[in-house]
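Keep the sequence and the 3D view open while reading.

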Amino acid sequence: MPLRAPARKPVRALGSALAAGPVVLDGGLSNQLEAQGCDLSDALWSARLLTDGPGQIEAAHTAYARAGAQVLITSGYQATFEGFARRGIGRAQAVELFARSVRLARRAARAVEREVWVAASVGPYGAMLADGSEYRGRYGLSVRELERFHRPRIEALAAAGPDVLALETVPDIDEAEALLRAVEGCGLPVWLSYSVAGGRTRAGQPLETAFGLASGHDEVVAVGVNCCDPADADRAVRVAAEVTGKPVVVYPNSGELWDEGDRGWAGAATFDAGRARAWAQAGARLIGGCCRVGPDTVAELAGLLAPPVADESVDT
């Protein structure tokens, strides 16, 4: 049996790549896993496959890498020590599963001959509760309590060697502050990405205040939004760039709405890859999709955001 090539790490830091121009993120991991036939009707969501189907996770990452994604976000959004413990998974095994989430993305990057960065997903506290509260925030916990929840997982993920931590789908300012405290000293760059609705955080706070939290943190290489309506992303990108002066990250949903009663998606998709050019002009440098945005759309984004090819013809 031939030996597999070792997983490669990018030559450049992600921050250096962002300074050079837009970088394409992947799309929704869950919808790609479902397209592959996986059942995600579980409190651990896609994180369950870290134990039951790691090959499916690697295949989903590979689909996005081949579509043109330059950053692969790991399957750890709903992976926590507490969530694993409810399934009888002890601390040592949980640490290994966090590391596995990074390795699977790194291995998938070998499918293409270009730089691919691995972002370890750090989901919000509400994702662990698996009751939709990450779209409301205001859990009734203090910033200190939220920091104590997040820090052990962040330390475990940082030890696994990703290129960046994705502090994503953050619903309110309190949790953002806790996350920024928890990543201090982790030795990795991070991005901070809020879930927003109607021009405010999910908890109803002004975007100017929310994004402003990241201004004094050098480890934050990008700030922005994800898991929101594409229309809400338009203003958010502009505000994030104006308030922080940092590169902006943006990866909204398809535009369809989740119906909790029917446990399914409703409405029409409104994600238009053409929006990416306007986002880039407004300061976005990490651009992709979240729920229900698949490899085909990521391929469109990659085509739109690719640097122009120089005309090497010579006039005669």
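Is glutamate 177 buried, partly exposed or exposed? Glutamate 177 has a relative accessibility of 28%, so it counts as partly exposed. The model is a predicted one, and the sections below describe what was computed from it.

## A pair in helix 9

Glutamate 177 takes part in a salt bridge with arginine 181, and their closest N and O atoms are 3.0 Å apart. Both residues belong to helix 9 (residues 173–182), where they are four residues apart, or about one helical turn. An α-helix has 3.6 residues a turn, so residues three or four places apart point the same way. Arginine 181 is also partly exposed, at a relative accessible area of 29%.

## A pair in helix 8

Another salt bridge joins the side chains of arginine 151 and glutamate 147, with 2.6 Å from N to O. These two residues sit in helix 8 (residues 143–159) and are four residues apart, about one turn of the helix. Arginine 151 is partly exposed, with 25% relative accessibility. Glutamate 147 has a relative accessible area of 13%, and because buried means under 20%, this residue is classed as buried.

In total, the structure contains 13 salt bridges.

## A pair between two helices

Arginine 235 and glutamate 208 form a salt bridge through their side chains, at 3.0 Å from N to O. This pair connects distant parts of the chain, as the two residues are 27 residues apart. Arginine 235 is in helix 11 (residues 230–244), while glutamate 208 is in helix 10 (residues 207–212).

Are these two residues buried, partly exposed or exposed? Arginine 235 is partly exposed, with a relative accessible area of 35%. Glutamate 208 is partly exposed as well, at 36% relative accessibility.

## Two positive phi angles in loops

Most residues other than glycine have a negative phi. Alanine 130 is not a glycine, yet its phi is positive, at about 55 degrees. Alanine 130 is found in the loop between helix 7 (125–129) and helix 8. Its relative accessible area is 39%, so alanine 130 is partly exposed.

Arginine 292 is not a glycine either, and its phi is positive at about 75 degrees. The loop that holds arginine 292 runs between strand 12 (284–287) and helix 13 (295–305). With a relative accessible area of 37%, arginine 292 is partly exposed.

## Helix 4 and its surroundings

How many residues does helix 4 have, and how far does it reach? Helix 4 (residues 54–67) has 14 residues and reaches 20 Å from its first C-alpha to its last. This is close to the 20 Å expected at 1.5 Å a residue. Glycine 68 follows helix 4 and has a positive phi, near 120 degrees.

Which residues of helix 4 are buried? They are Ile57, Glu58, Ala60, His61, Thr62, Tyr64, Ala65 and Ala67. These buried residues pack against several elements, including helix 2 (29–35), helix 3 (49–52) and strand 2 (71–73). They also pack against helix 6 (91–108) and helix 13.

Technical notes. Residues numbered from 1 in each chain as written. Predicted model: local features only at pLDDT ≥ 70, side-chain atom pairs only at ≥ 80, totals over all residues. Heavy atoms only, no water. Salt bridge = Lys/Arg side-chain N within 4 Å of Asp/Glu carboxyl O. Buried < 20%, exposed > 50% of the residue type's maximum accessible area, 1.4 Å probe, protein only. Expected span 1.5 Å × (residues − 1). Contact = heavy atoms within 4.5 Å.
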